[in-house]
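Have a look along with me.

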Amino acid sequence: MKARPLLDECVAVMRRTNGCVFFGWTKDGDDLFCNTAFTNADGVTAHLAAVTPLLDALLDGAATLESVSVHGPRGRLSEVAAAT
């Protein structure tokens with residue numbers, strides 16, 4: 001799989017990201033799903049900053065992005081939206 005090195009690097013980066021509870025990839029046919037959980041909005045924004053260069057490389061030919069979904073307390077989602 002062409003994307004494997006970038007997926008592995010994402011996992012390595014997230015192991016060093018404060019606030020990350022879990023991070024991993026699942027595959028269903030040709031579809032990849034990134035599953036993450038964080039202790040707080042700061043963890044999500046740190047995640048976005050850390051993986052953006054890797055996602056840019058991944059989307060530069062190895063994959064396409066179909067959707068992003070963020071779930072959390074309504075009052076805290078604006079903190080994440082401001083970082084995107």
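I began with a term: helices (H or I, at least four residues) and strands (E, at least two) are DSSP runs, numbered from the N terminus. With that settled, I found His 47 in helix α2. I also noted that this is a predicted model, where local features need pLDDT of at least 70 and side-chain atom pairs count only at pLDDT 80 or more, while totals for chains, interfaces and linings use all residues. Residues are numbered from 1 along each chain as its sequence is written, and side-chain values use heavy atoms, with hydrogens and water left out.

**Entry: helix α2**

I traced α2 over residues 41-59 and found a bend of about 45° at Val 51. The bend at a residue is the angle between axes fitted to the seven residues ending there and the seven starting there. Pro 53, a proline, follows within four residues.

At the start of α2, I saw a side-chain oxygen of Asn 40 come to within 3.1 Å of the backbone nitrogen of Asp 42. Just after α2, I noted that Gly 61 has a positive phi of about 125°.

**Entry: His 47**

Is His 47 buried or exposed? I put His 47 down as buried because its relative accessibility is 10%; buried means under 20% relative accessible area, exposed over 50%, and partly exposed in between (1.4 Å probe, protein chains only). Other buried residues of α2 include Val 44, Val 51 and Leu 54.

Contact means heavy atoms within 4.5 Å. Not counting residues up to four places away in sequence, I found His 47 touching Met 14, Thr 17, Phe 23, Thr 36 and Phe 38.

**Entry: α1 against α2**

I checked how helix α1 (residues 4-15) packs with α2: the angle is about 170° and the axes are 10 Å apart. So α1 is roughly antiparallel to α2, a label for angles over 145 degrees. Axes here are lines fitted to C-alpha atoms, for helices over the stretch in contact, and angles run from 0 to 180 degrees between N-to-C directions.

From α1, Leu 6, Leu 7, Glu 9, Cys 10, Val 13 and Met 14 meet residues of α2, among them His 47, Ala 50 and Val 51.

**Entry: Thr 17**

Thr 17 sits in the loop between α1 and β1 (20-28). I marked Thr 17 as buried because its relative accessibility is 11%. The Thr 17 side chain reaches the backbone oxygen of Val 13 at 3.1 Å. Beyond its neighbours within four places in sequence, Thr 17 is in contact with Gly 43, Ala 46, His 47 and Ala 50.

**Entry: His 71**

I then went to His 71, in the loop between α2 and α3 (74-83). His 71 counts as exposed because its relative accessibility is 71%. The C-alpha atoms of His 71 and Ala 37 are separated by 9.4 Å, though the two are 34 residues apart along the chain.

Methods:
A polar contact is a pair of N or O atoms within 3.5 Å; within protein, one must be able to donate a hydrogen and the other to accept it, and residues adjacent in sequence count only if both atoms are side-chain atoms. Angles under 35 degrees count as roughly parallel, over 145 as roughly antiparallel, 65 to 115 as roughly perpendicular and the rest as oblique.
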